[in-house]
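Keep the 3D view open as you read.

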Amino acid sequence: MRRRTEPTVEQLHTDDAREAIRGGDTALGIELGSTRIKACLTTLGGEVIAAGGHEWENSLENGLWTYPLDAVHDGLRAAYADLAADVERRFSVSLDRVGAIGVSAMMHGYLAFDAEGKLLVPFRTWRNVNTARAAAALSDALEVNIPLRWSVAHLHQAVLDGEEHVARVDRVTTLAGYVHELLTGERILGVGDASGMFPIDPETGDYDAGMLAVADGLIHGAGAAHLRLADLLPRVRRAGEAAGRLSDDGARLLDPSGTLASGAVAGPPEGDAGTGMVATNAVTPRTGNVSAGTSIFSMVVLERPLGSRHEEIDIVTTPAGDPVAMVHCNNGASEIGEWAGVFREFARALGAEASADEVFTALLSGALERGADDGLLAYNHLSGEPIAGLDEGRPVIARTPSSTLSLGGLMRAQVRGSFATLSLGMRTLADEGVAIDDMRAHGGVFRTAGVAQRLLAEALGAPVTVGETAGEGGAWGMAVLAAYTRACADSEQPVLADWLNEHIFAGDQTTTIAPEPDDVADHAAYLDRWSAGLAIERAAVTAMP
């Protein structure tokens, strides 16, 4: 049994793992990320038993980023089959039941169905930035920031554009909500994911009733008088609350062989932001986390409301329903991964084999040298980036003729560039006087000890903590939330933060890096240069349509 998913980490005794598997004392977390669908099986105490995965990728169709639902179904089966094979290989036992199950996925976006459950238009993901008119109208009417990627913005934009399918919309959900319904038959959404569909009232833990009425009026006035948001949106549940059980159909979807039994307790489906908060134990006021993957975002749990509305700040919630300030950037560490792939290919061309972690370690080894990236700017924008004022993205590297191009400098520029947009948004929280006692980070880029962590600390101007679960990701966080739901079903519901501290993170090993003042000042000067260089990015979009 393993704390991380790499085979080199310490494992618990095989007999203990086998007993947990046979007894169904396990939790299965599934997360549908941007490039990979992951499955993670843990004990009810969060220790990782086995893992599986399946790679997939979005596509740009008719100007919109999407995934076909067939790919969702196929990917779920493939990731589960990989997990079940891992269990069989490690413990010589079949995975025939689990005690708890939970699904997480990319937040926001738009999945619209008719009354018969037919998908009306291809899934529109969080990456799309075509909803500016709708988001602006909703933000002004509701007096809160409604980001371009939120589900209500997608729906209202479809109304404004007079799309034919609007007349037949019966319900709207997110990707996690869709998969949860496939597995359980329940149209439910965790409050964290729901807060990326429509604003949540922190007092009720449900959609804000007053804002629903205002938004309905706006949508009706645009020509869709038949729509009522309260009827379209999934029911909301907080972490630990009942969200159904794995059905016979759901079990067969995951495991067509018929080995997996139904009946597992299901946790409310969550977004990747919520599972990231759980995976880093950042769910209480004055704590925060940064999740770095295809996108990159920070989540800071608020102790008081913000003083004013900000376009770069989304107000969402923790899985328990507490208000969170979110800085979401569409583009994260993908470009770093692309360069790692190039250098891994180069190593193979020389006859050398290296693991992904070995490649990252080699690439990032010189990235902490201040000045290595002087005269070098890197932009990681594969898609539009509202915080940076970009409608479209083009990955770009630019350097001055007098600059020195080195491996360390190239990768320092890539890592700093991947954090730059986030830095712009975090400046706003600093100006609001938001206090952060503990900022944690997770994502694969933080597995290379100290490098990305230190550069992030410099970018945020604050200490950054990385725990031993930093590389686990959202599938593990979702398994933990599923285990929490199981614990709540078995006894009086404990507070999520207390349960995490007592049962999951009691022995967590962490490292904290605090930035030096000179390094913070150096990053501030770099960010000014990077911001001015965004003109290069805009020119690339024009020159390379």
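Start with leucine 69, which belongs to helix α2, spanning residues 69-91. Keep in mind that this is a predicted model. Is leucine 69 buried or exposed? Its relative accessible area is 13%, and buried means under 20%, so leucine 69 counts as buried.

Which residues does leucine 69 touch, if you skip its neighbours within four places in sequence? The answer is Leu111, Phe113, Leu119 and Tyr178. Glycine 288 is another story: 219 residues separate it from leucine 69 in sequence, and the two lie 33 Å apart in space, C-alpha to C-alpha.

Now hop over to serine 195, in the loop between α6 (191-194) and β10 (200-201). Leaving out its neighbours within four places in sequence, serine 195 is in contact with Trp150, Ile200, Ile315, Val316 and Thr317.

Here are the two side by side:

| Residue | Where | Relative accessible area |
|---|---|---|
| Leucine 69 | helix α2 (residues 69-91) | 13% |

Next, the cores. The largest nonpolar core has 69 residues, and the members that touch the most others are Phe198, Tyr207, Leu227, Leu229 and Leu500. Which helix gives the most to this core? That's helix α15 (residues 474-490), with eleven residues.

Setting aside neighbours within four places in sequence, its contacts are Leu142, Trp150, Val152, Tyr207, Asp208, Met211, Leu212, Ala215, Leu229 and Leu233. There is also a second, separate core of 44 residues, including Ala39, Tyr67, Phe113 and Trp126.

Finally, back to α2 and its packing partner. Helix α1 (residues 14-23) packs against α2 at an angle of about 135 degrees, and their axes are 10 Å apart. With that angle, α1 is oblique to α2. The crossing of the pair is left-handed.

Who makes the contact? From α1 come Thr14, Ala17, Arg18 and Ile21, while α2 brings Val87, Arg90 and Phe91. Sorted by class, that contact has four nonpolar residues, one polar and two charged.

Terms used: Residues are numbered from 1 along each chain as its sequence is written. This is a predicted model: local features need pLDDT of at least 70, side-chain atom pairs count only at pLDDT 80 or more; totals for chains, interfaces and linings use all residues. Side-chain values use heavy atoms; hydrogens and water are left out. Helices (H or I, at least four residues) and strands (E, at least two) are DSSP runs, numbered from the N terminus. Buried means under 20% relative accessible area, exposed over 50%, partly exposed in between (1.4 Å probe, protein chains only). Contact means heavy atoms within 4.5 Å. A nonpolar core is a set of buried Ala, Val, Leu, Ile, Met, Phe, Trp, Tyr and Cys residues joined through side-chain atoms within 4.5 Å. Axes are lines fitted to C-alpha atoms, for helices over the stretch in contact, and angles run from 0 to 180 degrees between N-to-C directions. Angles under 35 degrees count as roughly parallel, over 145 as roughly antiparallel, 65 to 115 as roughly perpendicular and the rest as oblique. A crossing is left-handed if the near helix is turned anticlockwise from the far one by less than a right angle, and right-handed if clockwise. Ala, Val, Leu, Ile, Met, Phe, Trp, Tyr, Cys and Pro count as nonpolar, Asp, Glu, Lys and Arg as charged, and the others, Gly among them, as polar.
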